[in-house]
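Good morning, colleagues. Please look at the display.

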Amino acid sequence: MLKKSLVALGTLLLMFPTMAFAEDPAPATAIGVDALWVMLGAILVILMQGGFILLETGSTRMKNAGHVAGKTIFTFGLCSLIFWAVGYGVAFGGGGNPILGLDSFFYDPSLAIESMYGSSVFFLFQLAFAGVSLSIAWGGFAERAKLSVYLIFAILFSAIVYPVIAHWIWNADGWLALDGAQDFAGSTVVHLTGAMAALAATILLKPRIGKFNKDGSANEILGHNQVYTALSVLLLWVGWFGFNAGSTVAVGDGFFGYVAFNTQLGAAGGAVAALLISWIIMGKADISTMLNGALAGLVAITASCAYVAPWAAIVIGLIAGILVFASTKLFEKLKIDDPIYALSVHGAAGIWGTLANGFFATPELATKVNIGQAGLFYGGGLHQLGVQALSILACGAFAFVVSFVLLFVIKAVNGLRVTEEEEIIGLDLSEHGAYGYPEQMRKDSSITV
């Protein structure tokens, strides 16, 4: 009888482990559950790197496929080391400085005041965001930048450009945070920052060979795999639930579900609007435009997913889908070669998404998130719209100017672009000595531009 009782008790303890530690305080359990949720968010955001690999590979030519995949993994690894050593301290360190953090360099979670487990998970979550912003920046380098430039700029971007902007808006000491800037998951911090770095790169690198004719007209350089591009959008779309909903960093009241709900509506609005506008204007329903519209809707709703009503999330996505179509045409007219459409998807949509809070933020949700005020359409006047505009101007200018200066110096010392011959051959062979599709590519001069 005693043996049977012990077996039954042991089974109950295995099935319901909290019975074995009934004396543990509730806060410790809450921290563990929240940490688990944030860890899941970090995993989803890190997996978005797979989406960026497929997006850039599918949107560019076959001769650069292996290079795109390899440099994405390499630069994310490099970003991890630099963000640990420097970037996290600049972004989230203390010291009360409104411009940058003054401690937490070479971050050690075991030294943190709060739970080391919660601290380590929060670091991984923030690292994932830094990696996404860096991958966005690479859109401006595509098909023509030296591998050495990726290495150098990854270090500088992860230590200086991204962390400073993250500190301004996401650190409680940051000057824009103190001003009430609303950017829940990073339309400005992550997306606009990466896009402005991409813009600096496209200007300094100049267009790819064959993109523009002497009369200024543009040639379409098609990507080699639209299925890859579509799959990338699906992967990024799923990862965005970690991006946005994970940014609640808590599960207690289920608010993450509302954030995810708005995220889905914004993405859907972007996809539908982009397809329809391309169909109306071009006479054909363009798949690439639709895919970019879905991403633009996701980018736009990122700042406002925790602040707006569902109807507003749809409107934000619809406008983002139209905006991404119009902005791609504008950049082409300006003779800016943006192979991955980073400037339209992450730049133009990031600006719109951040501004949208100034129109659509509700007083109840602004109070719940405890940042900023209601938007114009909810009786908040122009104050929040002004704060949002200021954050866009300040962060966009900082990211562009600093990135431009850094790349200008790199260009003077090291050079930015591969030679014409290397670009024609493709970066797979010229930078790595092997093809991403070795069975389909011949190592000879018959490869076309």
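I begin with M282, which is placed in helix α9, residues 255-282. This is a predicted model. M282 has a relative accessible area of 40% and is therefore partly exposed.

How many cavities of 30 Å³ or more does a search of the whole structure find? The search finds one, and the largest cavity holds about 90 Å³ of space. Its lining divides into six nonpolar, four polar and two charged residues. Helix α2 gives the largest share, three residues, while α2, α3, α4 and α12 each supply at least two. Among the lining residues are E56 and K71.

K71 pairs with E56, with 2.8 Å between the closest N and O atoms. The pair links helix α3 to helix α2 across 15 residues. K71 is buried at 1% relative accessibility, and E56 is buried at 5%.

A second bridge joins R208 and E143, at 2.5 Å from N to O. Both residues lie in loops, so the pair ties together parts that are 65 residues apart in sequence. R208 counts as buried at 5%, as does E143 at 3%.

Finally, E332 and K211 meet at 3.6 Å, N to O. They are 121 residues apart, E332 being in helix α11 and K211 in the loop between α7 and α8. Here E332 is partly exposed at 34%, whereas K211 is buried at 9%.

Methods:
Residues are numbered from 1 along each chain as its sequence is written. This is a predicted model: local features need pLDDT of at least 70, side-chain atom pairs count only at pLDDT 80 or more; totals for chains, interfaces and linings use all residues. Side-chain values use heavy atoms; hydrogens and water are left out. Helices (H or I, at least four residues) and strands (E, at least two) are DSSP runs, numbered from the N terminus. Buried means under 20% relative accessible area, exposed over 50%, partly exposed in between (1.4 Å probe, protein chains only). On a 1 Å grid over the protein atoms alone, a cavity is a set of points where a 1.4 Å probe fits but cannot get out, and a pocket is an open set with protein on both sides within 12 Å along at least five of seven lines; lining residues have an atom within 4 Å of a point. Grid points are joined across faces, edges and corners, and a volume is the space filled by probe spheres set on the points. Ala, Val, Leu, Ile, Met, Phe, Trp, Tyr, Cys and Pro count as nonpolar, Asp, Glu, Lys and Arg as charged, and the others, Gly among them, as polar. A salt bridge is a side-chain nitrogen of Lys or Arg within 4 Å of a carboxyl oxygen of Asp or Glu.
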